[in-house]
Amino acid sequence: MASGQHAPISESAAWADLKQHVKTIEGTHLRNLMQDNNRCEELIKEYDGIVVDLSRQRVIHDTVDKLLNLAEEAKLKEKIDQMFDGVHINETENRSVLHAALRAPRDEVINCDGHNVVPAVWDVLDKIDAFSDQIRSGSWLGSTGKPLTDVVAIGIGGSFLGPLFVHTAMQTEPGCAQAAKGRRLRFLANVDPIDVARALLDLNQETTLVVIVSKTFTTAETMLNARTVRTWITSALGVEAVSKHMVAVSTNLKLVKEFGIDPANAFGFWDWVGGRYSVCSAVGVLPLALQYGFSHVKKFLQGAWSIDDHFRSAPLESNLPVLLGLMSVWNVSFLGCPARAILPYCQALAKLAPHIQQVSMESNGKGVSLDGVPLPFGTGEIDFGEPGTNGQHSFYQLIHQGRVIPCDFIGIIKSQQSVYLKGEQVSNHDELMCNFFAQADALAYGKTREELVAEKVPEALIPHKMFSGNRQSLSILLPNLTPYTVGQLLALYEHRVAVQGWIWGINSFDQWGVELGKSLAGKVRTQMNAARTKTQPLSGFNYSTTTLLTRYLQGKTQLLYPDPHDVFPSNVLPGFEK
């Protein structure tokens with residue numbers, strides 16, 4: 001092994017011990033394991049109102065001990081400490097990883113390169129507090145003197161998925177709904193013009209504020225959408241309206257100013273904030289504060305910090321993100337389960353799975369170690385999900401009788417909205433939660449031939465109605481769904497992902513795999529422009545790409561230059577031809 005390189009974790013004694021232990025687990029069934037009340041009690045953990053039930057994982061007491069030994073082998077506690085100490089654990093980009101600092105209390109000290117970053121974080125939060133109050137109170141008016149009641153947040157990836165998840169979770173919470181009365185928040189991410197049309201549908205330029213989220217102010221999709229919406233604003237209100245109707249979340253003040261936005265109306269963040277971990281920065285806090293008021297968003301940050309502090313200080317054996325992460329490593333690397341279903345039994349969490357897809361798959365979808373050495377094992381999980389009970393009528397068939405896919409069931413004790421109909425056996429939310437409890441047991445226990453025979457099921461149907469069971473899941477039970485608990489849930493998943501990456505020995509905080517397709521798109525863009533404006537032939541592509549690109553260009557209208565004009569869908573910008 002080359003100097004400076006470390007043996008992969010799979011060569012450790014702790015890994016080998018777990019590999020051997022798989023044989024023991026293969027000889028067990030959850031149907032039997034669930035009868036051991038002491039085991040179940042050991043595997044149910046609680047912190048700050050959250051209950052995490054790991055009893056339906058395919059583990060016994062020895063399994064957990066061996067996983068904790070693996071964590072010790074990977075120096076997990078040391079790596080957690082390094083993250084909170086501002087060490088540059090994102091080695092490929094030479095950066096700290098301090099998204100936890102974004103929700104730290106004012107009096108907390110979190111250092112990066114010898115400086116406490118918490119005061120700078122609160123400078124931005126205070127600025128957002130003041131600005132959002134100006135907009136919401138009507139003391140900041142649009143260029144025609146009207147209050148700005150509608151917000152369009154333009155961003156992509158982490159600048160979109162995280163804020164959308166939190167917005168979707170908060171909008172039906174009674175206190176948040178009251179605070180947002182009379183206001184609308186829209187998100188524009190996809191460069192597809194259909195997304196522009198949908199984001200701007202029925203909005204009025206005079207009452208719309210646009211938030212452009214791009215750290216560098218160079219992200220191709222975001223900036224094209226920003227220029228599009230700027231044209232929508234200026235077509236009705238004139239160029240001078242940009243300063244009243246558009247603000248930025250960015251660190252590139254030069255390009256912000258060139259775009260037409262007053263740099264004083266730019267809200268910054270730092271290079272130690274990764275995009276998919278940025279919802280607690282101005283990226284998410286600004287649009288959410290504009291919609292709900294800063295006080296509600298502050299509670300969200302406090303909930304996230306609750307888990308941050310627990311993650312930093314709790315012993316590994318009772319540390320919720322650590323235990324969740326270890327269970328995922330066990331399922332992926334030892335039981336051979338490459339996928340995970342995220343199943344919130346709460347419609348307000350409809351955008352949790354799409355957000356965690358990025359947090360998890362962009363973080364841990366890596367093929368080399370921190371040393372740059374190809375790994376002899378697979379990392380990451382294929383994440384997907386849908387709120388219950390919708391998912392039950394979609395993909396649960398595969399989960400019950402097809403491939404083994406570990407499931408995260410997420411339930412809420414007290415619903416944001418209460419409905420009970422006279423004469424019904426249970427309330428609507430009770431009915432939802434009946435399924436939450438039943439599905440986990442159905443996966444664990446299954447249904448045997450003997451049970452079907454006893455029910456007098458015809459012999460020909462017995463193979464079709466048998467359920468093998470022994471399919472692992474975990475349950476997370478929240479007391480309610482408020483800004484505080486949404487923050488807790490976010491931080492649980494963020495740190496769980498980090499735990500997995502640290503065990504596997506990869507860098508969970510870079511995303512070089514995102515870059516290749518983007519750079520190749522630039523080559524296509526150049527030739528597409530030449531083909532459409534100068535009728536130049538295509539060159540340099542393989543046969544397949546050339547064929548499809550030619551077919552695409554043949555179906556497009558030839559652009560007439562050098563006298564271009566703006567073309568918009570008529571319902572977005574009336575007066576321009578399609």
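These notes cover aromatic pairs, charges over rings and helix packing in a predicted model.

1. Aromatic pairs overall. Searching the whole structure gives 18 aromatic pairs.

2. Tyr-345 and Phe-409. The ring centres are 6.1 Å apart and the planes meet at 45°, so this pair is tilted. The angle falls between the cut-offs, as stacked needs under 30 degrees and edge-to-face needs over 60. Tyr-345 sits in the loop between β10 (339-344) and α16 (352-364), while Phe-409 belongs to strand β12 (residues 407-414). The pair therefore ties together parts that are 64 residues apart in sequence. Both Tyr-345 and Phe-409 are buried.

3. Phe-384 and Phe-395. This aromatic pair is edge-to-face, with 5.1 Å from centre to centre and 80° between the planes. Phe-384 is in strand β11 (residues 382-385). Phe-395 is in the loop between β11 and α17 (396-401). The two are 11 residues apart, and the pair links distant parts of the chain. Phe-384 has 24% relative accessibility, so it counts as partly exposed. Phe-395 has a relative accessible area of 18% and is buried. The cut-off for buried is under 20%.

4. Aromatic cluster. One cluster is formed by Phe-84, Tyr-277, Phe-311, Trp-502 and Phe-509.

5. Charges over rings. The charged end of Lys-127 sits over the ring of Phe-267, at 4.9 Å from the ring centre. Lys-523 places its charged end over the ring of Phe-541, at 5.0 Å from the centre.

6. Helices α15 and α21. Helix α15 (residues 320-334) packs on helix α21 (residues 483-504) at an angle of about 50°, and the axes are 8 Å apart. The two helices are therefore oblique to each other. The crossing is right-handed. On the α15 side, the contact is made by Leu-320, Pro-321, Val-322, Leu-324, Gly-325, Leu-326, Ser-328, Val-329, Val-332 and Ser-333. From α21 come Leu-492, His-495, Arg-496, Val-499, Gln-500, Ile-503 and Trp-504.

7. Helices α7 and α16. Helix α7 (residues 161-170) and α16 pack at about 155°, with axes 9 Å apart. They are therefore roughly antiparallel to each other. Their crossing is left-handed. In α7, Leu-161, Gly-162 and Phe-165 make the contact. They meet Leu-352, Pro-354, His-355 and Gln-358 of α16. The loop that carries Tyr-345, from point 2, lies between β10 and this helix α16.

How values were computed
Residues numbered from 1 in each chain as written. Predicted model: local features only at pLDDT ≥ 70, side-chain atom pairs only at ≥ 80, totals over all residues. Heavy atoms only, no water. Phe/Tyr/Trp six-rings, centres within 6.5 Å; stacked < 30°, edge-to-face > 60°. Helix = DSSP H or I, 4+ residues; strand = E, 2+ residues; numbered from the N terminus. Buried < 20%, exposed > 50% of the residue type's maximum accessible area, 1.4 Å probe, protein only. Lys NZ or Arg CZ within 6 Å of the ring centre and 35° of its normal. Axes fitted to C-alpha atoms, helices over the stretch in contact; angles between N-to-C directions. Parallel < 35°, antiparallel > 145°, perpendicular 65-115°, else oblique. Left-handed = near helix turned anticlockwise from the far one by under 90°. Contact = heavy atoms within 4.5 Å.
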